Amino acid sequence: GEVPGYVMRYADIDDEQIVFTYEDDLWLVPVTGGEARRITSHPGREIGGKFSPDGTMLAFTGNYDGGNDVYVMDARGGVPRRLTFHPSGGIVLDWTPDGRHVIFSSSREAPAYASELYTISIDGGMPVELPVDRGHLASMSPDGNRLAYNRLGRHVRTWKRYEGGLAQDVWIADLASGEFEK
């Protein structure tokens, strides 16, 4: 048979829908199955759609002007709204538990091959750096007090069972006390 030119990637799920990237656009499909529908159509690329905690909004990484930035939009589709405006870009990772901020990674100040973790309000404004030295993947606890994250960015590599110096250790940061555990 014929091999498709694109694959479905970067899926996220809420109670009723799955969002995923296909052909550089975001698509929605019911969790019960059925026909998927495209919800973005910009000539640029949209990846990594993440549902807000209440399922009403999507955050995603959009590449519309030559760089990756953080965008939000209605989860049913609509016009995306840009939140970040920095040449180093931003990669959407998750939402804060209250649904008021998007967590993203960016290499604004990090040394080569590293990035930091930030949050940005869905109302816009300046990003706030999270109190960890560097990070690539991250998720907050439901109470917002702890952060699970990877310090190194190997999440898109294909090195199975790799145990060397770039291994993906998971760290937990207690955001209130400033304590960390591996």
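Predicted model: local features only at pLDDT ≥ 70, side-chain atom pairs only at ≥ 80, totals over all residues.
Student: Let's start with the overall picture. How many helices and strands does the protein chain have?

Tutor: The protein chain has zero helices and 16 strands. Of its 182 residues, 39% count as buried. Among contacts with a separation of 6 or more, 26% join residues 24 or more positions apart.

Student: Why is Val70 called buried?

Tutor: Happy to take that one. Buried means under 20% relative accessible area, and Val70 has 0%, so the word applies. Val70 belongs to strand 7, which covers residues 68-74.

Student: What does Val70 touch, leaving out residues up to four places away in sequence?

Tutor: The list includes Phe60, Arg81, Leu83, Val92, Phe104 and Ile120. Ile120 is 50 residues from Val70 along the chain, and their C-alpha atoms are separated by 8.9 Å. The touch itself is judged on heavy atoms within 4.5 Å.

Student: How do you know whether Thr119 is buried or exposed?

Tutor: Set the value against the cut-off: buried is under 20%, and Thr119 has 10% relative accessibility, so Thr119 is buried. Thr119 sits in strand 11, residues 116-121. Its contacts beyond four places in sequence include Thr96, His101, Val102, Phe104 and Pro127.

Student: What makes Asp54 an exposed residue?

Tutor: Exposed requires over 50%, and the relative accessible area of Asp54 is 58%, so Asp54 qualifies. Asp54 is in the loop between strand 5 and strand 6. Its C-alpha atom is separated by 8.6 Å from that of Asp14, 40 residues away along the chain.

Student: Now the rings. How many aromatic pairs are there?

Tutor: The count comes to four aromatic pairs. One of them is Tyr22 with Trp27, with 5.8 Å centre to centre and 75 degrees between the planes.

Student: Why is the pair of Tyr22 and Trp27 called edge-to-face?

Tutor: There are two steps. Centres must lie within 6.5 Å for rings to pair, and planes over 60 degrees apart count as edge-to-face. Tyr22 and Trp27 have 5.8 Å and 75 degrees, and the pair is edge-to-face.

Student: Which residues do ring pairs link into a cluster?

Tutor: Phe60, Tyr64 and Tyr71 are linked that way.

Student: What makes Arg108 a charge over the ring of Tyr118?

Tutor: The distance part of the rule asks for CZ of Arg within 6 Å of the ring centre, and there is also an angle limit of 35 degrees from the ring normal. Arg108 is 5.3 Å from the ring centre of Tyr118 and lies over its face. Arg151 is placed over the ring of Trp171 too, 6.0 Å from its centre.

Student: Which residues are closest to the centre of the second largest pocket?

Tutor: That pocket has a volume of about 210 Å³. Of its 16 lining residues, Asp14, Asp15, Phe51, Ser52 and Gly55 are the closest to the centre. Strand 1, strand 5 (45-51) and strand 9 (91-95) each give two or more residues to the lining.

Student: How does the lining of that pocket divide by residue type?

Tutor: The lining has five nonpolar, three polar and eight charged residues. Asp counts as charged and Phe as nonpolar, while Gly is placed with the polar ones.

Methods: Residues numbered from 1 in each chain as written. Heavy atoms only, no water. Phe/Tyr/Trp six-rings, centres within 6.5 Å; stacked < 30°, edge-to-face > 60°. Helix = DSSP H or I, 4+ residues; strand = E, 2+ residues; numbered from the N terminus. Buried < 20%, exposed > 50% of the residue type's maximum accessible area, 1.4 Å probe, protein only. 1 Å grid on protein atoms, 1.4 Å probe; cavity = no way out; pocket = protein on both sides within 12 Å on 5 of 7 lines; lining within 4 Å. Points joined across faces, edges and corners; volume = space filled by probe spheres on them.
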